[in-house]
Amino acid sequence: MRYKRSPLMEERLADNRQRILVSARKLVAEGGFRAAQIAAVAADAGLSTGSIYRYFPSKADLFVEVLGEAVKHEIEILRTIAKSEGTAADRLRRAVESFARRAFEGPFLAYAFIAEPAEAEVDIARIRARREFGNVFKSILKDGIASGEFPAQDGDVASACIVGAFTEALIGPIGPTHRGERHREQVIATISLFCLRAVVGPAVLAPRAGARSPRRRNTA
């Protein structure tokens, strides 16, 4: 006969697991992955180090779940913006600015999500997360193309470029070596303007500095 856990035991195990996740997220938010070592998480959760491994086989497994919960929260916020009233351009701008502003408000968690060195499993989770973000922005692009606001373009490629642009642009300002050195509103405005220009496209591309104008052929 298989051992069956009682409802009380199941509740206790679930509670312990949640305490671990809450403590891990708290420590990551306070100092990144480096601050969320297993011993530190166990101490904050009021559990033994061995207990952590009962729920998460490795530190990478724990970090992946913490990252997943953070991504889920961000996706919900961005989807709300994507489905809100307003032009596609306005929703795109607000979505980019919303993510960037929260990154400045929680730089350690944002940096951990974007670029902090971590295990390969975490990098794989980051790639999946970027695809999820891309799907949200693709829905906005689709609306903009349908309404004529944006020129026809590959939604998969364009949305991936948007996500890549704003996440890469945030690495420096929220990273450990430059954190707090730049005016956040200026950075946020520059990022959102760049993303809008990327999908709207200028009517006429200005020639590069120093580039020669094409010679006119004499047809006379």
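Phenylalanine 99 and phenylalanine 166 are both buried. The model is predicted. Its average pLDDT is 87, and 83% of the residues score at least 70.

Go back to the two rings. The structure holds 6 aromatic pairs. In the pair of phenylalanine 99 and phenylalanine 166, the ring centres lie 5.0 Å apart and the planes meet at 50 degrees, so the pair counts as tilted. Phenylalanine 99 sits in helix α5 (residues 88–105) and phenylalanine 166 in helix α8 (residues 155–174), so the pair ties together parts 67 residues apart in sequence. One aromatic cluster takes in Phe99, Phe113, Phe133, Phe137 and Phe166.

Now widen the view. Nonpolar side chains in soluble globular proteins tend to be buried together. Here, the largest nonpolar core has 59 residues. Those touching the most other members are Leu62, Leu92, Phe133, Phe137, Ile162, Phe166 and Leu170. Helix α4 (residues 59–82) gives the most to this core, with 9 residues. Domain 1 (1–56) and domain 2 (59–220) both contribute residues, so the core lies between them.

Phenylalanine 137 shows the packing in detail. Leaving out residues up to four places away in sequence, phenylalanine 137 touches Leu78, Leu92, Ala95, Val96, Ser159, Ile162, Val163 and Phe166.

One annotated span remains. An unreviewed UniProt entry lists residues 37–56 as "DNA-binding region". That span is 75% helix and 0% strand, and its end C-alpha atoms lie 13 Å apart.

Note on methods
Residues are numbered from 1 along each chain as its sequence is written. This is a predicted model: local features need pLDDT of at least 70, side-chain atom pairs count only at pLDDT 80 or more; totals for chains, interfaces and linings use all residues. Side-chain values use heavy atoms; hydrogens and water are left out. UniProt positions are given in the numbering used here, feature names are shortened, and annotations may be inferred rather than shown by experiment. Helices (H or I, at least four residues) and strands (E, at least two) are DSSP runs, numbered from the N terminus. pLDDT is the predictor's confidence in each residue, from 0 to 100. A nonpolar core is a set of buried Ala, Val, Leu, Ile, Met, Phe, Trp, Tyr and Cys residues joined through side-chain atoms within 4.5 Å. Buried means under 20% relative accessible area, exposed over 50%, partly exposed in between (1.4 Å probe, protein chains only). Domain bounds come from an automatic or database domain assignment. Contact means heavy atoms within 4.5 Å. Rings of Phe, Tyr and Trp (its six-membered ring) pair if their centres lie within 6.5 Å; planes under 30 degrees apart count as stacked, over 60 as edge-to-face and the rest as tilted.
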